[in-house]
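Here are some notes for a colleague who is opening this structure without having seen it before. They are meant to be read with the sequence and the model side by side.

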Amino acid sequence: MVIEFSKYQGLGNDFILIDNLHSTDPIITPQEASKMCDRHFGIGADGVIFALPGKEDTEYTMRIYNSDGSEPEMCGNGIRCLAKFIADLSGNTEVNKSYRIHTLAGVIIPKLTEDGNVRVDMGEPQLSPAQIPTTLNSQGDKVVDQSLEVGDRTWSVTAVSMGNPHCITFVEDSDRIDLEKIGPLFEHHSVFPQRTNTEFIQVVKSDYLKMRVWERGAGITLACGTGACATVVAGVLNNKCDRSCTVELPGGCLQIDWSAMDNRVYMTGPATEVFKGKYLTIAE
Ligand SMILES: N[C@@H](CCC[C@H](N)C(=O)O)C(=O)O
């Protein structure tokens, strides 16, 4: 089978985008997606994103597989890439055009802005342990500044869901964290029954944070949009940052605003097409 795809990236978090508008199910399996993501034997990407027909009152549905084949509920950088992809597919690149997109995390609304970026209404953060999900502080209403033993030390963590789970730790110097070693231990910790994404944050100023991420199902990536949103929520809950922050990631910066008016998180950043291609799947 030959699969036509487009490769996009948002701050170096890269995705294979597939036009799946003729079918309500992804045209490839999680195992095939994982092979396509392989950086040596495949196209190379952090995930595969499918543009499917809309459901209920939405125009499109987004499904995504991580590079390990698991299916997350949402992807912030990915939905900006999807917005550019569907604008290109439909030939409608009108500025201020927004799309209602059905995801496993609810309806998400990206909008193309005048400067070529995409601003996304990411919805409301979920804070209860059951929603994240985590067994940390399972009797309480939030998981803020909780002790968690990982590896050979105790960390102070805050857990936030942006549809997908995030475990955030504020540190003095984010560059000194051995992500390769500690990331998988957080991801697979028994207190996170659905695994977790893990962010290490250095507060540079109250409106400027530096972040490094270990993603569930993808490992170290250059950026994570839902992670940046969860980080600003965690920063506000810990009195460490303002509601509007620039979050610097290894791949570049995102602007995140957690609105006090409607409790929704807004993320603004770039998304760019890299190349198009045809991928040949070989039956085994
Ligand atoms: N890179 C993404 C998040 C992708 C999903 C994540 N790996 C998970 O399993 O939750 C983003 O930009 O949000």
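Helices (H or I, at least four residues) and strands (E, at least two) are taken here as DSSP runs, numbered from the N terminus. Please keep in mind throughout that this is a predicted model.

1. The place of the ligand. Residues of domain 1 (2-108 + 272-280) and of domain 2 (143-263) both contribute to the shell around the ligand, and the ligand therefore lies between the two domains. The shell has 18 residues, of which Pro72, Asn77, Asn164, Gly225 and Thr226 come nearest. Helix 2 (76-90) and helix 4 (225-237) each supply at least two residues of this shell, and by class the shell is made up of four nonpolar, twelve polar and two charged residues.

2. The two annotated cysteines. An unreviewed UniProt entry gives the annotation "active site" to Cys75 and Cys224. These positions are spread over 150 residues of sequence, yet they cluster in space, with a largest C-alpha distance of 7.7 Å.

3. Cys75. This residue is found in the loop between strand 4 (60-66) and helix 2. Cys75 is buried because 30 other C-beta atoms lie within 10 Å, where 20 or more are required. Not counting residues up to four places away in sequence, Cys75 touches Gly47, Ile64, Gly225 and Thr226.

4. Cys224. The loop between strand 13 (219-220) and helix 4 holds Cys224, which counts as buried with 35 C-beta neighbours inside 10 Å. When residues up to four places away in sequence are not counted, Cys224 touches Asn13, Gly76, Asn77, Asn197, Val213 and Glu215.

5. The annotated binding site. The feature "binding site", again from an unreviewed UniProt entry, is placed at Asn13, Asn66, Gly76, Asn77, Asn164, Asn197, Glu215, Arg216, Gly225 and Thr226. Two of these positions are taken up in the next point.

6. Asn164 and Asn197. Asn164 sits in the loop between strand 9 (153-161) and strand 10 (165-170), whereas Asn197 belongs to strand 11 (residues 197-205). Asn164 is buried, with 27 other C-beta atoms within 10 Å, and Asn197 counts as buried with 27 C-beta neighbours inside 10 Å. Leaving aside neighbours within four places in sequence, Asn164 is in contact with Pro72, Glu73, Met74, Ala105, Asn197 and Thr226. With neighbours within four places again left aside, the contacts of Asn197 include Asn164, Glu215, Arg216 and Cys224.

7. Strand 14 (residues 244-249) pairs with strand 15 (residues 252-258) in the antiparallel sense over six bridges, and a hairpin joins them through two residues. Within this pairing, Leu249 has Gly252 in strand 15 as its bridge partner. Strand 15 also pairs in the antiparallel sense with strand 16 (residues 265-269), over four bridges, and Ile256 stands opposite Met267 in strand 16. Strand 15 and strand 16 form a hairpin with six residues between them, and Asn263 in the turn has a positive phi of about 65°.

Note on methods. Residues numbered from 1 in each chain as written. Predicted model: local features only at pLDDT ≥ 70, side-chain atom pairs only at ≥ 80, totals over all residues. Pairing = 2+ DSSP bridges. Near = placed C-beta within 6 Å. Nonpolar A, V, L, I, M, F, W, Y, C, P; charged D, E, K, R; others polar. Domains from an automatic or database assignment. UniProt positions renumbered as here; feature names shortened; annotations may be inferred. Buried ≥ 20, exposed ≤ 12 C-beta atoms within 10 Å, placed from the backbone. Contact = placed C-beta atoms within 7 Å.
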